[in-house]
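My notes are below, in the order I looked things up.

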Amino acid sequence: FLFFRDRLLTRYPALRAILTHRRWHRLYALEHGAFILSFPLLMLTGTALYFEAWHRTLIAWLAQIQTFHSWLGLVFAAVVLVAALGSPVAPKRPRWFDCLLTGFLTTVVTLSGVALWKPQLVPANWDAIAFSVHGWAS
(Lines give C-alpha, C1' and ligand atoms only; values in the text may rest on other atoms or scores of the structure.)
Protein backbone atom coordinates (compact mmCIF):
# COMPACT_ATOMS: atom_id res chain seq x y z
CA PHE A 1 0.00 0.00 0.00
CA LEU A 2 2.72 2.47 0.90
CA PHE A 3 4.46 1.97 -2.45
CA PHE A 4 1.32 3.03 -4.33
CA ARG A 5 0.46 5.84 -1.94
CA ASP A 6 1.10 8.74 -4.32
CA ARG A 7 -1.00 7.22 -7.10
CA LEU A 8 -3.88 6.41 -4.77
CA LEU A 9 -3.81 9.82 -3.16
CA THR A 10 -4.05 11.66 -6.45
CA ARG A 11 -6.89 9.41 -7.61
CA TYR A 12 -8.91 9.64 -4.36
CA PRO A 13 -8.84 13.11 -2.75
CA ALA A 14 -10.87 11.95 0.27
CA LEU A 15 -8.27 9.29 0.99
CA ARG A 16 -5.59 11.95 0.64
CA ALA A 17 -7.30 14.03 3.33
CA ILE A 18 -7.30 11.06 5.69
CA LEU A 19 -3.79 9.71 5.06
CA THR A 20 -1.82 12.89 4.60
CA HIS A 21 -1.37 14.93 7.69
CA ARG A 22 -1.12 18.30 6.06
CA ARG A 23 0.13 19.95 9.19
CA TRP A 24 2.87 17.35 9.71
CA HIS A 25 6.42 18.02 8.61
CA ARG A 26 7.84 15.38 6.27
CA LEU A 27 10.40 14.11 8.81
CA TYR A 28 7.69 13.60 11.42
CA ALA A 29 5.55 11.73 8.89
CA LEU A 30 8.55 9.51 8.09
CA GLU A 31 9.00 8.79 11.81
CA HIS A 32 5.33 7.88 11.98
CA GLY A 33 5.68 5.58 8.98
CA ALA A 34 8.79 3.94 10.42
CA PHE A 35 6.89 3.23 13.62
CA ILE A 36 3.92 1.75 11.76
CA LEU A 37 6.14 -0.48 9.61
CA SER A 38 8.61 -1.60 12.27
CA PHE A 39 6.14 -2.51 15.02
CA PRO A 40 4.35 -5.33 13.14
CA LEU A 41 7.68 -6.60 11.80
CA LEU A 42 9.06 -6.70 15.34
CA MET A 43 6.01 -8.58 16.58
CA LEU A 44 6.19 -11.06 13.70
CA THR A 45 9.92 -11.74 14.01
CA GLY A 46 9.66 -11.88 17.81
CA THR A 47 6.87 -14.44 17.52
CA ALA A 48 8.97 -16.45 15.07
CA LEU A 49 11.81 -16.48 17.60
CA TYR A 50 9.54 -17.41 20.51
CA PHE A 51 7.23 -20.20 19.32
CA GLU A 52 8.85 -23.64 19.09
CA ALA A 53 6.46 -24.74 16.36
CA TRP A 54 7.83 -22.02 14.11
CA HIS A 55 11.43 -23.00 14.95
CA ARG A 56 11.13 -26.29 13.07
CA THR A 57 9.94 -24.50 9.98
CA LEU A 58 12.34 -21.57 10.19
CA ILE A 59 15.41 -23.32 11.65
CA ALA A 60 17.60 -22.40 8.68
CA TRP A 61 16.79 -18.69 9.03
CA LEU A 62 16.58 -18.22 12.80
CA ALA A 63 19.99 -16.53 13.07
CA GLN A 64 19.10 -14.05 10.34
CA ILE A 65 15.66 -13.45 11.87
CA GLN A 66 17.24 -12.77 15.25
CA THR A 67 19.76 -10.34 13.77
CA PHE A 68 17.05 -8.55 11.78
CA HIS A 69 14.81 -8.41 14.88
CA SER A 70 17.62 -6.96 16.98
CA TRP A 71 18.63 -4.25 14.52
CA LEU A 72 15.02 -3.36 13.79
CA GLY A 73 14.42 -3.13 17.54
CA LEU A 74 17.23 -0.60 17.88
CA VAL A 75 15.81 1.44 14.99
CA PHE A 76 12.35 1.22 16.56
CA ALA A 77 13.71 2.41 19.91
CA ALA A 78 15.45 5.36 18.27
CA VAL A 79 12.32 6.38 16.34
CA VAL A 80 10.00 6.07 19.34
CA LEU A 81 12.32 7.85 21.75
CA VAL A 82 12.93 10.71 19.33
CA ALA A 83 9.17 11.09 18.85
CA ALA A 84 8.41 10.69 22.57
CA LEU A 85 11.02 13.22 23.61
CA GLY A 86 9.51 15.66 21.17
CA SER A 87 10.91 15.81 17.71
CA PRO A 88 11.74 19.38 16.75
CA VAL A 89 9.43 18.98 13.77
CA ALA A 90 6.49 17.59 15.74
CA PRO A 91 3.28 19.53 15.14
CA LYS A 92 2.55 19.61 18.85
CA ARG A 93 4.21 18.06 21.85
CA PRO A 94 2.60 14.85 23.12
CA ARG A 95 1.04 14.71 26.57
CA TRP A 96 3.46 13.98 29.41
CA PHE A 97 1.77 10.64 30.19
CA ASP A 98 2.20 9.48 26.59
CA CYS A 99 5.85 10.46 26.68
CA LEU A 100 6.40 8.76 30.02
CA LEU A 101 4.63 5.53 29.13
CA THR A 102 6.07 5.25 25.63
CA GLY A 103 9.57 6.23 26.72
CA PHE A 104 9.54 3.91 29.71
CA LEU A 105 8.23 0.87 27.84
CA THR A 106 10.56 1.46 24.91
CA THR A 107 13.53 1.75 27.26
CA VAL A 108 12.55 -1.44 29.12
CA VAL A 109 12.01 -3.40 25.89
CA THR A 110 15.26 -2.07 24.38
CA LEU A 111 17.42 -2.80 27.43
CA SER A 112 15.97 -6.27 27.90
CA GLY A 113 16.35 -6.91 24.16
CA VAL A 114 20.01 -5.88 24.24
CA ALA A 115 20.51 -8.21 27.22
CA LEU A 116 19.05 -11.06 25.16
CA TRP A 117 20.90 -10.13 21.98
CA LYS A 118 24.30 -9.64 23.61
CA PRO A 119 24.27 -11.88 26.71
CA GLN A 120 27.98 -11.30 27.33
CA LEU A 121 27.17 -7.70 28.35
CA VAL A 122 25.05 -8.68 31.38
CA PRO A 123 25.37 -11.20 34.23
CA ALA A 124 24.23 -14.73 33.39
CA ASN A 125 21.35 -14.76 35.87
CA TRP A 126 19.72 -11.77 34.11
CA ASP A 127 18.90 -13.85 31.02
CA ALA A 128 15.65 -15.38 32.32
CA ILE A 129 14.56 -12.05 33.82
CA ALA A 130 15.31 -10.20 30.57
CA PHE A 131 13.37 -12.81 28.59
CA SER A 132 10.19 -12.48 30.64
CA VAL A 133 10.45 -8.67 30.93
CA HIS A 134 10.98 -8.37 27.15
CA GLY A 135 7.94 -10.50 26.43
CA TRP A 136 5.62 -8.79 28.88
CA ALA A 137 6.70 -5.24 28.05
CA SER A 138 6.34 -5.90 24.33
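**Ground rules.** I am working from a predicted model, where local features need pLDDT of at least 70 and side-chain atom pairs count only at pLDDT 80 or more, while totals for chains, interfaces and linings use all residues. Numbering starts from 1 along each chain as its sequence is written, and side-chain values use heavy atoms, with hydrogens and water left out.

**Fold.** I looked up the secondary structure and got seven helices and zero strands. Helices here are DSSP runs of H or I with at least four residues, strands are runs of E with at least two, and both are numbered from the N terminus. Along the sequence I read α-α-α-α-α-α-α. Of the 138 residues, 22% are buried (under 20% relative accessible area; exposed is over 50%, partly exposed in between, with a 1.4 Å probe and protein chains only).

I checked the largest pocket next, and its volume is about 980 Å³. Gly-46, His-69, Val-109, His-134 and Ser-138 are the closest to its centre among the 35 lining residues. A pocket is an open set of points on a 1 Å grid over the protein atoms alone, where a 1.4 Å probe fits, with protein on both sides within 12 Å along at least five of seven lines; lining residues have an atom within 4 Å of a point. Points are joined across faces, edges and corners, and the volume is the space filled by probe spheres set on them.

Which helices supply at least two residues each of that lining? I found α3 (26–50), α5 (62–84), α6 (96–117) and α7 (126–137). The largest share, 10 residues, comes from α6.

In α5 I picked Gln-66, which counts as partly exposed because its relative accessibility is 34%. Its C-alpha is 8.0 Å from that of Gly-46, 20 residues apart along the chain. In α6 I picked Thr-102, partly exposed because it has 32% relative accessibility.

**Tyr-50.** This residue sits in α3. Is Tyr-50 buried or exposed? It counts as exposed, because its relative accessibility is 51%.
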